Amino acid sequence: MSQLELRDIRKTYAGALDETLKGINIDIASGEFLTLVGPSGCGKSTLMNSIAGLETITGGSIVVDGKDISGMEPKDRDIAMVFQSYALYPTMSVRENIAFGLKIRGMPKEEIRQEVERVADLLQISPLLDKKPSRLSGGQQQRVAMGRALARRPKIYLFDEPLSNLDAKLRVEMRTEIKKLHQRLKTTIVYVTHDQIEAMTLADRIAVLKDGELQQLGTPKEVYDTPENLFVASFMGSPSMSFIDVTVERSDTGLSVTVEGSDGRTLALPVPEYLENWAGNRVVLGIRPEHISQPDEQKRDNMMVEEGRFTVEVTEPTGPDVIAVIRLNGIDVQCRLDAEHPVEWGEDAELMFDMRKVVFFDPQSEKRIRPQ
Amino acid sequence: MTDVVRTGFRPSRIAIYGVLLLACLVYLIPLIIMLITSFKTPMDIRTGNLLALPTDWTVMGWTKAWSEACTGVQCEGVRGFFWNSFKMTVPAVLISTLLGAFNGYVLSKWKFKGSDLMFGMLLFGCFVPFQVVLLPMAATLGKLGLANTTAGLVLVHVIYGVAFTTLFFRNYYVAVPDALVKAARLDGAGFFTIFFRILLPLSTPIFMVSLIWQFTQIWNDFLFGVVFASGDSQPITVALNNLVNTSTGVKEYNVDMAAAMIAALPTLVVYIVAGKYFIRGLTAGSVKG
């Protein structure tokens, strides 16, 4: 269990014009589960390899428990990593795979045996110990890869997209298992993924990266509810947030924005007071599918809730609910309706807009407009 | 389901097997003639048909070739030279294969600035004709004090072989996932530990390819053998040439053929023993992690 500080990490590959990492600052508390998330090419794997020492950084420092490890060899950093391809040694049995790192570090035989058994118990892979990796299924290989990392009891664990080679069902199972394991062992984990659901479900905190820059660092709830900019807002959440260009208007009842359906019907939606300074200007309204649903009696009296009828263009049943697509200001907008609520494509539906949790962005800077 | 299984007596099948059989026969005829001739008596050879089986089977040709035939002024058969060839081939094959494996490991997993260029230049070594280097090599061996020794021949073959073996191993290791090396580095393994514990155990198929290739090349080499070795250190290829060219009256074709067979046997044996790896190694693309 150790604390990890990334201070102004910079990396430029030899011969490259652009920086791959443009000064990343993240503090990771002892026992914290941090996920690095972002689209491919955002630098998250480079950052992870830099922490492990597999790549050298061109600037900044990596500090573990107050000690700068930036210049150290990977083997001296006491960091373990689980790879996307598992990277199990094909010629060794599961037991030898797990014991390899211990053997190299000169641990006595008897202790190695105990440690391998402890890890195998923990991950329920004891019956597999004498098999070769090629005889195992994907999920079992995944477990062995985790076992190899756990056996050394390193200071920090790095997971590099460990679940992306598994099928959908197994991925969800292993996700739960990794979370359980973390809750039990309370280890410091940095977890790279491009899957935002994985990031949301596993993390204590999420770091969203794009083009080598940290976009936002916060708890899953913070990142989901109050995204710092359009990129974070669009990246987190599925189906993703809809962005509607609107103009802030002032009327007797307060501030509002007007949206127009595909058939010309309009609806004035109330917006919060902090948009005062933006009256008369264009803003981007970010609205999540769950903010638009079927009418709910209990919410009806709220000042920030409005109802309107719009034509449903497409319906996508997901099981627990139905995603209905309507067009507002020329943009497809997803609404999350109860699965029991009858909606048909091509017909009108009465929809309730809950404006309490919607967010607004500056169209120029693409940053979220914060309440004063 | 019943009419799916067709028995093989269709004209096209018969034609295909016929052609294949014919090609096989044409290819094997020289070997067959060598074999049957080596078991004939000189009398039989003079009077009989080239393709006819011996009337009296005899191993006289073989024993004479092995221990009595004259190769120049000595008449001790090819026995000594056969062992010479082994003394030259075995170390040369092993050293060049290990060096190639090591080169391949560095050029694929520890790339440095200019490593691809270095690999490209090393490949030129595969295309340099033997004749070009004869004189400079002779001078070098002389300076090193290795002229006319088996060690000198080994050195020449190692140098020539490294280009090929590096090519084999480098291309094989490129297909091994880099994550294996990364995982091993995090596990605390160093440069040599990774090579000996992770990469080398994976290399059996390409090791066999390299082994067969190098063994065949070095064993069968005549030019380097005739130039850089003399007298007692000559390899069997050179001895065979001397044996065939030494005439003491009547030409003993049975002895010539037996000697040629002796010279060719080791490469045959190596291929039969390791051959299944040869095909597998040549077609091996990836290692499942």
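The legends below describe close-up views of a predicted model.

**View 1. An open sheet in chain A is built from four strands.**
The order of the strands in this sheet of chain A is 2-1-4-5, and their pairing is antiparallel. Strand 2 (21-28) and strand 5 (67-68) of chain A stand at the edges, where each has a single partner strand, so one side of each is left without a neighbour in the sheet.

**View 2. Strand 9 of chain A pairs with strand 3 in the parallel sense and with strand 10 in the antiparallel sense.**
Strands of a sheet pair through backbone hydrogen bonds, and the pairing may be either parallel or antiparallel. Strand 3 (residues 33-37) and strand 9 (residues 205-210) of chain A are joined over four bridges in the parallel sense, with A:Leu34 opposite A:Arg205 of strand 9. Strand 10 (residues 213-218) of chain A, in contrast, pairs with strand 9 of chain A in the antiparallel sense over five bridges, and here A:Leu217 in strand 10 is the bridge partner of A:Ala207. The hairpin of strands 9 and 10 of chain A has two residues between the strands, and A:Asp211 in this hairpin takes a positive phi near 50 degrees.

**View 3. Chain A and chain B meet in a contact to which both give residues.**
The contact takes 20 residues from chain A and 17 residues from chain B. On the side of chain A that touches chain B, the elements that give two or more residues are strand 6 (79-82) and helix 2 (94-104) of chain A. Sorted by class, this side of chain A has 14 nonpolar, four polar and two charged residues.

**View 4. Two domains are assigned in chain B.**
The domain assignment gives domain 1 (11-61) and domain 2 (79-283) of chain B, and 33 Å separate their centres, taken over C-alpha atoms. Their contact takes eight residues from domain 1 and nine residues from domain 2 of chain B. On the side of domain 1 that touches domain 2, helix 1 (11-38) and helix 2 (42-47) of chain B are the elements that give two or more residues, and helix 1 of chain B gives the most, with four residues. By class, this side of domain 1 of chain B has four nonpolar, three polar and one charged residues.

Key
Residues are numbered from 1 along each chain as its sequence is written. Chains are lettered from A and ligands numbered from 1 in the order in which they are written. This is a predicted model: local features need pLDDT of at least 70, side-chain atom pairs count only at pLDDT 80 or more; totals for chains, interfaces and linings use all residues. Two strands pair if DSSP finds at least two bridges between them. Two residues are in contact if their C-beta atoms, placed from the backbone, lie within 7 Å. Ala, Val, Leu, Ile, Met, Phe, Trp, Tyr, Cys and Pro count as nonpolar, Asp, Glu, Lys and Arg as charged, and the others, Gly among them, as polar. Domain bounds come from an automatic or database domain assignment.
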